[in-house]
Amino acid sequence: MTPRENGSEEEPVIRDNRKIDPDTGTVRQNAGGEPADGPVPGGTGTSQAPAEGSAAGLLAERTADLQRLQAEYSNYRKRVERDRIAVKEHAVASVLSEFLPVLDDIGRARDHGELTGGFAKVSESLEAAVGKLGLSTYGAKGDAFDPTVHEALMHSYSADVTEPTCIEILQPGYRIGERVLRPARVAVAEPAEDEERVEFTGGDDRIDADGGSDESGDN
């Protein structure tokens with residue numbers, strides 16, 4: 001009796017290892033649920049293109065974020081530096097403003113010839129110290145009057161000027177850079193008016209510029 005007749009021989013097992021299902025034409029999956037390895041017949045090979053495009057877009061987005069952060073930080077540094085300078089100038093201006101009356105007294109003493117001896121040395125040292133902090137004086141006779149930096153305490157008319165002019169400096173002005181701590185106090189002269197009444201005297205008659213006459217004799 002042969003083994004087949006005894007039933008001891010196993011039936012042959014046939015395994016279909018084809019990666020493409022002949023009935024549906026789709027890629028068969030292996031035991032792990034993933035497509036079988038190897039190229040897919042009729043495929044275009046562009047499966048990596050979307051991934052590459054996504055990576056390029058992500059890189060551009062991150063680069064734009066970094067550039068924006070860098071610009072914001074640069075603006076922040078500039079703003080902090082500007083505020084620091086402003087605070088420093090304000091503090092220095094507040095201190096120097098308290099010295100202006102003292103500097104006025106020194107100027108008056110110098111004008112009257114009373115600035116001599118040790119007092120002269122002290123005044124020179126004080127003026128040098130405030131000068132190092134940026135304090136400067138301005139205002140000179142003959143300057144054109146500027147209401148933004150001058151304060152007019154006296155006013156007159158003069159034929160010797162062609163525009164409002166400071167003809168006398170009553171108190172000098174003080175400033176730090178472009179910041180005015182105290183305007184210069186001045187006397188201002190403006191050009192004489194063009195149409196003024198001018199009187200002419202001839203004999204007993206007085207004739208004014210309007211053409212009228214006034215007889216001083218008895219009628």
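# A walk through the predicted model

Ala 144 sits in the loop between E1 and E2. Ala 144 counts as partly exposed, because its relative accessibility is 38%. Leaving out residues up to four places away in sequence, Ala 144 touches His 150, Glu 163, Pro 164 and Cys 166. One of these partners shows how the chain folds back. Pro 164 is 20 residues from Ala 144 in sequence, yet their C-alpha atoms are 6.2 Å apart in space.

Now step back to the whole protein. It has 219 residues, and 15% of them count as buried. Four helices and nine strands make up its elements. Their order from the N terminus is α-α-α-α-β-β-β-β-β-β-β-β-β. Contacts also reach along the chain. Take those between residues at least 6 apart in sequence: 51% of them join residues at least 24 apart.

Two sheets deserve a visit. Strands of a sheet pair through backbone hydrogen bonds, in either a parallel or an antiparallel way.

Strand E6 covers residues 184–191 and pairs with E2 in the parallel sense, over eight bridges. Within this pairing, His 155 has Val 188 of E6 as its bridge partner.

Ser 158 also belongs to strand E2. Is Ser 158 buried or exposed? It is buried, because its relative accessible area is 19% and the cut-off for buried is under 20%. Beyond residues up to four places away in sequence, Ser 158 touches Ala 189, Glu 190, Pro 191 and Ala 192.

The other sheet is open too. Its three strands run in the order E1-E4-E5, and the pairing is antiparallel. E1 and E5 stand at the edges with a single partner strand each, so one side of each has no neighbour in the sheet. Neighbouring strands here are turned by 35° against each other on average, direction ignored.

Look at the pair E4 and E5. Strand E5 spans residues 179–182 and pairs with E4 in the antiparallel sense, over three bridges. Ile 176 stands opposite Arg 179 in E5. The two strands form a hairpin with two residues between them. In this hairpin, Gly 177 takes a positive phi near 65°.

Which residues of the largest nonpolar core touch the most other members? They are Leu 96, Leu 100, Leu 103, Leu 135, Tyr 174, Ile 176 and Leu 181, out of 13 residues in that core. Helix H2 (48–97), helix H3 (100–111), helix H4 (117–132) and strand E4 (173–176) each give two or more residues to it. H3 supplies the largest share, four residues.

A second core, separate and made of six residues, includes Val 149, Cys 166, Val 186 and Val 188. Two of these names have come up before. Cys 166 is among the residues that Ala 144 touches, and Val 188 is the bridge partner of His 155.

The last stop is empty space. Rolling a probe the size of a water molecule over the atoms shows where such space is left. The largest pocket holds about 360 Å³. It is lined by 18 residues, and Leu 103, Asp 104, Gly 107, Pro 172 and Tyr 174 are the closest to its centre. H3, H4, strand E1 (135–138) and E3 each give two or more residues to the lining. Which element gives the most? It is H3, with six residues.

Methods. Residues numbered from 1 in each chain as written. Predicted model: local features only at pLDDT ≥ 70, side-chain atom pairs only at ≥ 80, totals over all residues. Heavy atoms only, no water. Pairing = 2+ DSSP bridges. Core = buried A, V, L, I, M, F, W, Y, C linked by side-chain atoms within 4.5 Å. Buried < 20%, exposed > 50% of the residue type's maximum accessible area, 1.4 Å probe, protein only. 1 Å grid on protein atoms, 1.4 Å probe; cavity = no way out; pocket = protein on both sides within 12 Å on 5 of 7 lines; lining within 4 Å. Points joined across faces, edges and corners; volume = space filled by probe spheres on them. Contact = heavy atoms within 4.5 Å. Axes fitted to C-alpha atoms, helices over the stretch in contact; angles between N-to-C directions.
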